Amino acid sequence: MTRDSKNFILFRRKLINHVMISATFLATLIAVLPLLFIFYYTISKGISSLNIDFFINMPKPVGETGGGIANAIMGTAILVGIGSAIGLPIGIFAGIYLAEYGNNKFGKIVGLLTDVLSGMPSIVVGVVAYTLVVIPMHHFSAFAGGVALAILMIPTITRTTEEMIKLVPHSYREAGLALGVSQWKTSLIIVFRSAGKGIATGVLLGLARAAGETAPLLFTSLGNRFWSTKIFQPIASLTVYIYKYAQSPFEDWNRQAWAGALVLIFLISLMSLLFKFFTRSKYKKSR
Amino acid sequence: MKLKKTFRKPANSNVGDFIYKNLTMIFAIIVFSLVILMSYEMYIGSELSIKKFGWKFLYTSTWDPVKNVFGGLPSIYGTFITSVLAIIICILLGLGVAIFLSELAPNWLEKPLSFLTELLAGIPSVIYGLWGIFVLVPWLRKVVEPFLIKNFGNLPFFKGAPYGFGILAAALILSVMVLPIISSISRDVLNAVPDSQREAAYALGATRWEVIKITLAYSRTGILGAVMLGFGRAVGETMAVTMVIGNRPIISASLLDPAYTMASVIANEFTEATSDLYISALIELALILFVITILINIAARLLIWRLGNRWDDKR
Amino acid sequence: MKNENVLTNNINLTENKTDNSLSKTKIDVKNLSAFFGKNQVLKKINLTIPENKVLAIIGPSGCGKSTFLRCINRMHEVVNGTTTGKIIFDGKSIYQYDPVVLRRKIGMVFQKPNPFPTMSIFQNAVAGLKLNGLKNKKTLAEIAEKSLRQAALWDEVKDKLNDSGVNISGGQQQRLCIARTLAVNPEVILMDEPASALDPISIAKIEDLILELKKKYTIIIVTHNMQQAARISDSTAFFMTGDLIEFSKTSVMFTNPKEKLTEDYITGRFG
């Protein structure tokens with residue numbers, strides 16, 4: 001190869017190097033853009049509607065302006081509460097089983113099925129909750145919605161619990177057993193003391209996700225224009241509220257949808273930040 | 001001489017251990033049976049529709065609740081086309097982000113950016129939909145679609161009125177939602193490539209980008225797995241899509257036209273379903289979704305798992 | 001202990017005492033200090049590296065030998081390390097070369113063999129060439145054969161050139177990495193403990209290889225195995241905690257070391 005063509009090839013390689021590296025930086029900027037957009041619009045369109053009334057009132061009838069999301073917030077809280085009451089014990093104990101005794105064929109199958117479950121579209125889970133709860137009960141209920149949320153939470157919590165327990169060094173376990181503590185007590189101590197923080201943050205993550213779900217609630221808890229805390233009756237939720245009000249032709253309702261969205265984003269961001277705060281590493285990572 | 005038999009208790013004879021092990025096993029069994037139960041329930045629920053329409057359900061396109069005739073093709077088509085388009089849009093972007101975060105960004109920049117992309121993943125679908133209805137769709141209707149019609153209107157992909165709602169809107173929103181999945185899994189996969197590979201490339205006189213190409217080649221299976229997981233998520237996404245896709249059971253080549261996805265049919269019509277057959281048809285759609293997502297997820301996990309096991313054989 | 005002399009030790013080996021010929025200086029290291037952030041790992045190293053000879057670098061763990069090697073082909077800066085001082089290669093400072101170009105002239109073989117797993121043996125061998133735009137299949141095949149022969153690997157892999165680069169034994173993988181380095185036609189080869197992860201037979205093969213290669217190339221090899229250094233090198237440098245303690249002909253270093261520290265290390269009193 002001539003000296004000139006060698007130089008040219010080198011020049012071209014360096015040019016491609018610079019172009020591609022800039023391209024990846026550009027891609028990152030583009031990727032972050034929608035997030036900024038969404039935050040901007042939600043805040044700007046929603047903030048004007050936030051006042052005390054909004055938080056303590058029920059929705060007004062069609063045609064009247066004003067109204068609030070009090071029942072929706074309560075509903076979401078109840079639904080997430082029911083979901084946790086069912087999903088947390090199942091998820092945590094199943095996770096403990098997988099971590100402590102799961103090193104066999106059954107454990108591997110359960111692990112695979114957990115992963116399968118985590119990829120399940122939420123609407124499919126809603127349909128299942130419908131067939132499992134709504135049909136036998138002959139009506140929609142908060143309980144059905146809670147069951148759907150529980151099913152959605154279980155895979156995340158199981159996996160997180162399992163992984164957090166597995167992260168605890170084996171030497172802790174050996175120390176406990178060597179002292180003559182029975183296996184189950186050792187395990188519980190490890191779960192609560194060492195893995196506890198990680199598990200708690202996994203739970204927080206699961207709760208945040210559950211609070212943001214809409215699809216499965218559409219035909220399980222349905223929705224309710226009135227204040228209700230009855231578990232076996234339909235109940236309102238923040239997400240369904242946003243959905244219905246966004247699609248309505250009334251501008252006043254659209255405005256309220258944005259406000260509701262702002263409240264929801266705020267709640268979820270709060271949980272995410274807590275999650276990040278609790279999982280931050282105390283030690284600086286060296287590259 | 002008789003040897004004294006030493007009485008030895010088996011290791012786990014402790015009652016507590018017994019209860020603990022079996023209690024936790026019960027919960028594991030619950031998780032196990034959950035999936036089985038779900039499949040069973042959906043199969044039973046869709047039996048009516050399966051018996052009536054058989055395989056035709058998958059390829060007939062009449063979705064008529066009034067006449068009680070249900071063909072799944074429009075919604076299957078809609079699901080497929082919006083998801084594929086979404087992946088096409090965000091695969092290069094997602095890879096670009098993953099490369100930047102894993103190989104190029106300095107620590108102080110990488111952490112907040114990673115956090116931001118993961119925050120994107122945490123935004124509820126319904127809020128994406130809200131933003132879609134009031135920001136994205138009007139922009140498409142007023143700016144983008146007229147532009148496309150003017151300049152590419154002769155292509156079948158861009159025929160029709162600038163409605164705003166439709167396949168294009170749904171694909172764009174889906175791509176925003178799927179991007180964080182592709183980018184964070186790919187980033188993890190890239191981070192797992194051993195430094196010795198990069199060193200080997202540098203030592204041969206490679207430029208930084210060429211070193212990155214080698215890293216990409218090494219992790220291509222894992223990246224493919226990430227893309228598949230993203231695709232699986234797109235297929236099952238409901239709310240945001242429902243709110244912007246126009247909800248019309250038609251099959252059209254044009255991106256400007258409205259359409260239907262399996263998830264949005266179920267979301268829209270489930271509470272309105274009047275007859276048993278109607279509900280059964282909707283449950284059958286859910287079953288199809290269920291099967292598709294299971295297959296995609298298993299395939300994706302196998303790919304990512306295989307990457308971890310591949311290079312250990314000759315070390 | 002004569003520590004004052006250690007830091008200004010500047011023995012020039014441009015006279016080869018056994019065959020009375022003058023060896024050209026290939027690389028001249030002047031007052032090289034290396035840092036990781038504020039942490040100093042090399043302290044004012046002065047060394048000249050003669051052409052077509054093997055220089056062995058020995059010393060206990062953490063003494064800076066690998067860092068020294070990586071300063072020469074500017075790999076140190078890839079991990080955000082900094083240096084002061086000069087390294088002159090063929091009359092020019094290494095910082096005046098484009099690092100991409102420099103690393104083709106100064107190749108490197110690593111401790112753990114690192115062939116590219118997604119490429120075949122053939123593709124691995126010519127990986128460096130393809131980066132430089134060489135596409136001619138015939139030329140690539142010729143160079144591949146030539147470098148695999150030079151690395152004493154050709155006979156063992158000539159029938160399976162399209163097999164994956166990792167489907168061969170560790171010793172073969174390391175020789176493949178050497179072939180890969182040779183294919184780009186460097187002038188200097190840096191070797192960072194190239195045989196320490198291998199079995200005894202592979203070690204012997206690689207040592208024979210080095211003795212053969214030095215006819216054409218200048219070789220610097222870091223090793224923790226002193227017998228190895230004694231077997232294959234012409235000169236030896238002994239490092240400790242970032243200082244160059246002693247630098248002399250191998251035959252002299254191992255029979256009559258000047259510094260007490262050197263003597264202690266060689267006789268195994270520490271390290």
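Analyst: The radius of gyration used here is taken over C-alpha atoms, and the rule for a globule is 2.2 Å times the number of residues to the power 0.38. The model is a predicted one, and in it chain A has a radius of gyration of 25 Å, whereas a compact globule of 287 residues would have one near 19 Å. Taken along the principal axes, the box that the C-alpha atoms of chain A fill is roughly 80 × 70 × 35 Å.

As for what chain A is built from, it has 11 helices and zero strands, and read along the sequence it accordingly follows the pattern α-α-α-α-α-α-α-α-α-α-α. Of its 287 residues, 47% count as buried. Among the contacts in chain A between residues at least 6 apart in sequence, 73% join residues at least 24 apart.

Chain A also touches chain B, in a contact that takes 71 residues from chain A and 69 residues from chain B. On the side of chain A that touches chain B, the helices that each supply at least two residues include α1 (3–46), α3 (70–101), α6 (142–167) and α11 (251–278) of chain A. The largest share of that side, 19 residues, comes from α1(A), and the residues of the side as a whole divide into 48 nonpolar, 17 polar and six charged.

In soluble globular proteins, nonpolar side chains tend to be buried together. Here the largest nonpolar core has 261 residues, and those that touch the most other members are A:Ile242, B:Ala169, B:Ile173, B:Val244, B:Ile266 and B:Ala286. The largest share of this core, 17 residues, comes from α5(B). Leaving aside residues up to four places away in sequence, B:Ile173 touches B:Tyr128, B:Gly132, B:Leu136, B:Ala240, B:Val241 and B:Val244.

Chain C can be set beside chain A to complete the picture. Its secondary structure comes to 12 helices and 10 strands, and its radius of gyration of 19 Å agrees with the value near 18 Å that a compact globule of 271 residues would have. The C-alpha atoms of chain C fill a box of roughly 60 × 40 × 40 Å along the principal axes, and buried residues make up 47% of its 271 residues. Of the contacts in chain C with a separation of 6 or more, 69% are between residues 24 or more positions apart.

Within chain C, six strands form an open sheet of mixed pairing, in the order β6-β7-β8-β3-β9-β10. The edge strands, each of which pairs on one side only, are β6 (106–109) and β10 (243–249) of chain C, and neighbouring strands of this sheet are turned by 15° against each other on average, direction ignored. Strand β3 (residues 54–58) of chain C runs parallel to strand β9 (residues 235–240) of chain C and is joined to that strand by four bridges, with C:Ile58 standing opposite C:Phe238 in β9(C).

Definitions and conventions: Residues numbered from 1 in each chain as written. Chains lettered and ligands numbered in written order. Pairing = 2+ DSSP bridges. Axes fitted to C-alpha atoms, helices over the stretch in contact; angles between N-to-C directions. Contact = placed C-beta atoms within 7 Å. Nonpolar A, V, L, I, M, F, W, Y, C, P; charged D, E, K, R; others polar. Buried ≥ 20, exposed ≤ 12 C-beta atoms within 10 Å, placed from the backbone. Core = buried A, V, L, I, M, F, W, Y, C linked by C-beta atoms within 7 Å.
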